[in-house]
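Here is a short tour of one protein model, meant to be read with the coordinates open. Please take a look at the fold before reading on.

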Amino acid sequence: MRTFPFYLYLRHIVHWEGGLHFNIGTKPFFYQQNQPKMFKIIQQSDYKVNQWSGGITRELFILPLDSSLAERNFNLRISSAVIHLTESTFSDFSNYQRFLLPVEGNITLYIDGRAHQLSNDLPFAFDGSKNVRSVNSSGAIDFNVICRKDYKTKVSVACKGESEKNTTTFIFALEDIDINGRKVEKYNSILTTEPYQFTGKAVVVEMP
């Protein structure tokens with residue numbers, strides 16, 4: 001059985017005025033959405049894993065930080081799963097937009113009777129209210145973004161990228177990358193509000 005221990009889980013501790021203080025793994029970290037300057041490299045050793053009957057799920061990022069999947073009160077959630085089951089049915093996420101990317105293995109979604117073979121170079125977007133059945137290779141790993149339809153989020157895969165904006169961006173390295181003159185190893189992540197420039201393959205999640 002493959003393991004894939006490389007994801008980010010943000011554990012909320014307490015509200016502060018103007019921001020939030022929480023732990024990334026065991027390390028304290030302060031985050032304020034759209035704060036002027038913030039550039040944080042998240043190491044694999046900081047990621048936290050949750051297990052379920054069908055595999056292993058990691059919550060990489062969620063906004064607001066004190067929201068939850070169960071209560072459906074989040075604006076944006078980034079997660080990933082190692083899927084041991086070869087067939088599953090997706091939960092209903094009405095009023096949400098979803099993006100799914102295979103990181104390892106093969107994933108095919110069946111929506112309204114139509115098959116969609118997913119690419120590992122192009123996140124597949126679909127309405128969270130749809131009835132979706134997934135067929136995948138055992139041990140397939142996905143990268144999953146769910147956002148409210150009015151919380152306009154852009155998800156892309158790039159071999160190089162840059163931005164001059166001071167907006168919040170989550171970048172997940174699919175291979176070793178160079179970003180702003182710093183090396184980030186494969187499967188580490190970056191959470192930044194600073195302008196950036198990188199080379200190397202990565203998933204880029206741009207928040208409004």
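How many bridges pair strand β10 with strand β11, and in which sense do the two run? Strand β10 (residues 107–111) and strand β11 (residues 114–117) are joined by 4 bridges in the antiparallel sense. Two strands count as paired here if DSSP finds at least two bridges between them. This is a predicted model, in which local features need pLDDT of at least 70 and side-chain atom pairs count only at pLDDT 80 or more, while totals for chains, interfaces and linings use all residues. Residues are numbered from 1 along each chain as its sequence is written, and side-chain values use heavy atoms, with hydrogens and water left out.

**Overall make-up**

The protein has 20 strands and 0 helices; both are DSSP runs numbered from the N terminus, with helices being H or I of at least four residues and strands E of at least two. Of its 208 residues, 50% count as buried, where buried means under 20% relative accessible area, exposed means over 50%, and partly exposed lies in between (1.4 Å probe, protein chains only). Among contacts with a separation of 6 or more, 67% link residues 24 or more positions apart; a contact means heavy atoms within 4.5 Å.

**The sheet with the hairpin**

Let us return to the opening pair. β10 and β11 form a hairpin with 2 residues between them, and aspartate 112 in the turn has a positive phi of about 55 degrees.

Serine 138 sits in the loop between β13 (132–136) and β14, and its relative accessibility of 51% makes it exposed. Its C-alpha atom is separated by 9.8 Å from that of isoleucine 107, 31 residues apart along the chain.

**The six-stranded sheet**

Another open sheet has 6 strands in the order β5-β6-β7-β14-β9-β12, and the pairing is antiparallel. Its edge strands, β5 (50–52) and β12 (124–127), each pair on one side only. The twist averages 25 degrees from one strand to the next. β9 (residues 96–104) is joined to β12 by 4 bridges in the antiparallel sense, and arginine 98 stands opposite phenylalanine 126 in β12.

In the loop between β6 (55–63) and β7 lies leucine 65, which is buried with a relative accessible area of 6%. The C-alpha atoms of leucine 65 and asparagine 75, 10 residues apart along the chain, are separated by 9.8 Å.

**The largest pocket**

What about open space? The largest pocket holds about 490 Å³. On a 1 Å grid over the protein atoms alone, a pocket is an open set of points where a 1.4 Å probe fits, with protein on both sides within 12 Å along at least five of seven lines, and lining residues have an atom within 4 Å of a point. The volume is the space filled by probe spheres set on the points, which are joined across faces, edges and corners.

Of the 21 lining residues, Trp52, Thr57, Ser91, Arg98 and Asn144 are the closest to the pocket centre. β7 (76–83), β8 (87–89), β9 and β14 (140–148) each supply at least two residues of the lining, and β7 gives the largest share with 5 residues.

| Strand | Bridges to β20 | Sense | Bridge partners |
|---|---|---|---|
| β15 (residues 154–163) | 9 bridges | antiparallel | alanine 158 and alanine 202 |
| β16 (residues 169–173) | 5 bridges | antiparallel | isoleucine 171 and valine 204 |
| β17 (residues 177–179) | 2 bridges | antiparallel | aspartate 178 and threonine 199 |

How values were computed:
Axes fitted to C-alpha atoms, helices over the stretch in contact; angles between N-to-C directions.
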